[in-house]
Amino acid sequence: MNYAFPPAPVVTLDAMSSNPFPVRRIFCVGQNYADHVREMGAAPDAEPFFFMKPASAVLQNNSVLPYPSGTTEVELVVALHKGGKNIPMDKVDYDYVFGYAVGLDMTRRDLQRAAREKGQPWEMAKAFDHSAPCTAITPEFYSGTIARGKIELKVNGQIRQSADVGDMLWRIPQIVHFLSNQIELFPGDLIFTGTPAGVSPVVKGDVIEAAVAGLEPLTITIG
Ligand code: MN
């Protein structure tokens, strides 16, 4: 097949002993920890809500993230190797989940606030270049199902976020179920599962360290 110009390369994440994981799309869950919902001045909803970042927003571990970068929030990332519509909750863990990673949902909070006030879309606040730093994926056959465990974010060595992924309002099986009721999911989709309280602004020179128990930690420098 000849194209008008060379197509964009496939974005991949390393996956330990497995072949690299080709990223298709990135979905993010909004307000999935009660303390963060309070911090945002919002109220929990009857169903999770979602937004997206392009696959090209992935920034590899141990990279420099060009400023401006806004605020940072640590998230458990779930990587799917099977897609579908109306996926039943009890099938998610072993049939659909390929593995897990640690990600940062970088947010231009100033732009997000302005967009919200005007009733405009969030994209430029959430889906900008390098807005999805992410570690290599730990396949589920190494980690087992991750339903609890410490999730933490440090900026320059100081703890800003510290919680447990067991505190999620919507667990991974529910997230995949509700998302797949709205759109068809595909192998290669990543889901950033939301952040606990303590989202913090970062500035040039800051070193961000993010961790979820049992997974490779993420280190990003703001440059
Ligand atoms: Mn987030």
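Rings of Phe, Tyr and Trp (for Trp, the six-membered ring) make a pair if their centres lie within 6.5 Å; planes under 30 degrees apart are stacked, over 60 edge-to-face, and the rest tilted. This is a predicted model, where local features need pLDDT of at least 70 and side-chain atom pairs count only at pLDDT 80 or more, while totals for chains, interfaces and linings use all residues. Residues are numbered from 1 along each chain as its sequence is written, and side-chain values use heavy atoms, leaving out hydrogens and water.

The ring rule gives five aromatic pairs. One of them is Phe 21 with Phe 98, a tilted pair at 5.3 Å centre to centre, with 35° between the planes. Phe 21 belongs to strand E2 (residues 18-22) and Phe 98 to strand E9 (residues 97-104), so the pair links parts of the chain 77 residues apart; strands here are DSSP runs of E, at least two residues, numbered from the N terminus. Ring pairs also tie Phe 49, Phe 51 and Trp 122 into a cluster.

Phe 21 is buried, at 4% relative accessible area, and Phe 98 is buried too, at 14% (buried is under 20%, exposed over 50%, partly exposed in between, with a 1.4 Å probe and protein chains only).

Now for the charges over rings: NZ of Lys or CZ of Arg has to be within 6 Å of the ring centre and within 35 degrees of the ring normal.

| Charged residue | Ring | Distance to ring centre |
|---|---|---|
| Arg 24 | Phe 186 | 3.9 Å |
| Lys 82 | Tyr 96 | 4.9 Å |

Definitions and conventions
Helix = DSSP H or I, 4+ residues; strand = E, 2+ residues; numbered from the N terminus.
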